[in-house]
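Visitor: Can we go through the charged pairs here? Keep it quick.

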Amino acid sequence: MKKGIMLFALLSSFALANGPHKILEDRVENQAMVQKLVNSSTVDYDVDIYNNQMNFEVEIEGATEPTLDYSQLSNKIVNIVKSETPNINEISIIVKFDPTVGNDKILYSKIYTIK
């Protein structure tokens, strides 16, 4: 009986877990918010980690398309990732614009390899 309860508890914890990298993803998202990578009030950061790769998505909402220095933005993102997650080898950075009317638009997309 005890083995059955322990097995049930173990399987339940796996089913309810958010993934092995959830804490790191949250840490990187929080650092991006603290450092205010984009000066806009309606910015959403989404970080997904799998294996040694990371997808870093910046979604900006608004009425007009923002003007950003993408090389400076990507350098800040790479620095955050290096400091918070040293095991990441590759970062895919995507910057999207979500206008109030119309379809989303990808403003910037690039893959960086960290050595």
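Visitor: Is Glu84 buried or exposed?
Guide: Glu84 counts as buried because its relative accessibility is 18%. Buried means under 20% relative accessible area, exposed over 50%, partly exposed in between (1.4 Å probe, protein chains only). This is a predicted model: local features need pLDDT of at least 70, side-chain atom pairs count only at pLDDT 80 or more, and totals for chains, interfaces and linings use all residues. Residues are numbered from 1 along each chain as its sequence is written, and side-chain values use heavy atoms, leaving out hydrogens and water.

Visitor: What does Glu84 pair with?
Guide: Arg27, in a salt bridge with the closest N and O atoms 3.7 Å apart. A salt bridge here is a side-chain nitrogen of Lys or Arg within 4 Å of a carboxyl oxygen of Asp or Glu. Glu84 sits in helix 3 (residues 70-84) and Arg27 in helix 2 (residues 22-34), 57 residues apart. Helices (H or I, at least four residues) and strands (E, at least two) are DSSP runs, numbered from the N terminus.

Visitor: And how accessible is Arg27?
Guide: Arg27 is partly exposed, at 39% relative accessibility.

Visitor: Switching topic. How many salt bridges in the whole structure?
Guide: The search finds four.

Visitor: Which residue does Lys96 bridge to?
Guide: Glu57, with the closest N and O atoms 3.5 Å apart. Lys96 is in strand 3 (residues 90-99) and Glu57 in strand 2 (residues 53-62), so the pair ties together parts 39 residues apart in sequence.

Visitor: What about Glu65, what is its partner?
Guide: Lys105, with the closest N and O atoms 3.0 Å apart. Glu65 is in the loop between strand 2 and helix 3, and Lys105 is in strand 4 (residues 105-113).
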